[in-house]
Amino acid sequence: MNIHKEGAPIITISLVFALILGGSSFYFGAHPVLCWILTLIPVGFAVFFMCFFRNPKRTPAGDAHRITAPADGTVVIIQEVEEPEYFHDRRLQISVFMSFFNVHVNWAPVTGIISFFRYHRGNYLAAWHPKSSTKNERTTVVFRNEDGTEVLCRQIAGLFARRVVCYAEYEKPFKAGEQIGFIKFGSRADVFLPLGSEVKVKIGDKVTGAETVIAELKKTNNQ
């Protein structure tokens with residue numbers, strides 16, 4: 001199992017705690033049951049973190065017009081909304097909720113160049129809360145594809161999430177399915193598309209990041 005680089009420090013700390021607590025208790029002659037408890041608890045946390053920070057290989061299915069899921073999880077929102085931060089107009093929002101047990105890597109939903117990036121400090125409302133997209137810690141990344149169409153992807157921290165990691169940089173090119181970041185411990189990823197985009201999923205669908213096509217953009221006349 002591949003472990004994501006974002007999980008290496010916390011896994012290492014858990015194993016060090018297991019070594020220190022377990023080793024010290026055995027060395028100082030504590031009761032054997034206590035020794036094993038002090039050893040196995042941090043080892044158990046390390047195993048949990050290994051599972052949480054798993055980094056599976058994916059076969060990207062998107063391109064400049066096919067939009068793939070930015071994360072593993074469940075589609076919880078498909079609706080037309082006013083996007084207030086960048087577009088300032090009506091857009092089609094598709095949101096994927098990541099449970100505690102999903103892979104928490106985030107992938108670029110479309111092939112393009114980063115035309116906008118911003119990090120916001122914020123609160124930690126539950127990721128399904130209506131105000132989480134504007135109140136929680138989050139990053140906003142806008143991709144401009146080959147014909148100038150822009151797609152916005154927003155990473156949103158959840159109730160237990162305490163850090164949003166994003167690898168986006170202004171004018172940096174990304175291919176659909178490349179990793180753009182990681183959200184630690186429960187979160188949501190939103191995608192905002194032009195109206196008229198063809199939706200390929202429905203609410204309640206389970207999607208696989210980088211592989212499940214969730215929508216398709218209209219091509220311009222010169223494409």
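Which residues does Val-207 touch, not counting residues up to four places away in sequence? The legends below begin with that residue in this predicted model.

**View 1. Surroundings of Val-207.** Val-207 touches Ala-69, Ala-71, Asp-72, Gly-73, Val-75, Val-96, Val-201, Thr-212 and Ile-214, with residues up to four places away in sequence left out of the list.

**View 2. The largest nonpolar core.** This core has 24 residues. Those that touch the most other members are Ile-67, Phe-143, Val-151, Leu-193, Val-207 and Ile-214. At least two residues of the core come from each of strand E3 (89-98), strand E6 (138-144), strand E7 (150-157), strand E11 (187-193) and strand E14 (213-216). Strand E3 gives the largest share, three residues. Another core lies apart from this one and has 11 residues, including Phe-52, Trp-107, Val-165 and Phe-182.

**View 3. A nonpolar patch on the surface.** The patch is formed by Val-33, Leu-34, Ile-37, Ile-41 and Phe-45. Together these residues have about 460 Å² of accessible area. Phe-45 is placed in helix H2 (residues 32-52). With a relative accessibility of 47%, Phe-45 counts as partly exposed.

**View 4. The salt bridge between Glu-85 and Arg-154.** The closest N and O atoms of this pair are 2.9 Å apart. Glu-85 is in the loop between strand E2 (73-83) and E3, whereas Arg-154 is in strand E7. The two residues are 69 residues apart, and the pair links distant parts of the chain. Glu-85 is buried, at a relative accessible area of 18%. Arg-154 is also buried, at 3%.

**View 5. A network of salt bridges.** Glu-80, Glu-82 and Arg-90 are linked in this network. Between Arg-90 and Glu-82, the closest N and O atoms are 4.0 Å apart. Arg-90 is partly exposed, with a relative accessible area of 39%. Glu-82 counts as partly exposed too, at 43% relative accessibility.

**View 6. The salt bridge between Asp-205 and Lys-202.** In this pair the closest N and O atoms are 3.1 Å apart. Lys-202 counts as exposed, with 54% relative accessibility. The count of salt bridges comes to 12.

**View 7. Cys-35 and Cys-51.** Cys-35 counts as buried because its relative accessibility is 1%, under the 20% limit. Cys-51 is partly exposed, with a relative accessible area of 36%. A search of the whole structure finds zero disulfides.

Note on methods
Residues are numbered from 1 along each chain as its sequence is written. This is a predicted model: local features need pLDDT of at least 70, side-chain atom pairs count only at pLDDT 80 or more; totals for chains, interfaces and linings use all residues. Side-chain values use heavy atoms; hydrogens and water are left out. A nonpolar core is a set of buried Ala, Val, Leu, Ile, Met, Phe, Trp, Tyr and Cys residues joined through side-chain atoms within 4.5 Å. Buried means under 20% relative accessible area, exposed over 50%, partly exposed in between (1.4 Å probe, protein chains only). Helices (H or I, at least four residues) and strands (E, at least two) are DSSP runs, numbered from the N terminus. Contact means heavy atoms within 4.5 Å. A disulfide is a pair of cysteine sulfur atoms within 2.5 Å. Patches are made of residues with over 30% relative accessible area and no salt bridge: like charges are joined within 9 Å, nonpolar side chains (Val, Leu, Ile, Met, Phe, Trp, Tyr) within 5 Å. Accessible areas come from the Shrake-Rupley method with a 1.4 Å probe; for residues, only the protein chains shown count as cover. A salt bridge is a side-chain nitrogen of Lys or Arg within 4 Å of a carboxyl oxygen of Asp or Glu.
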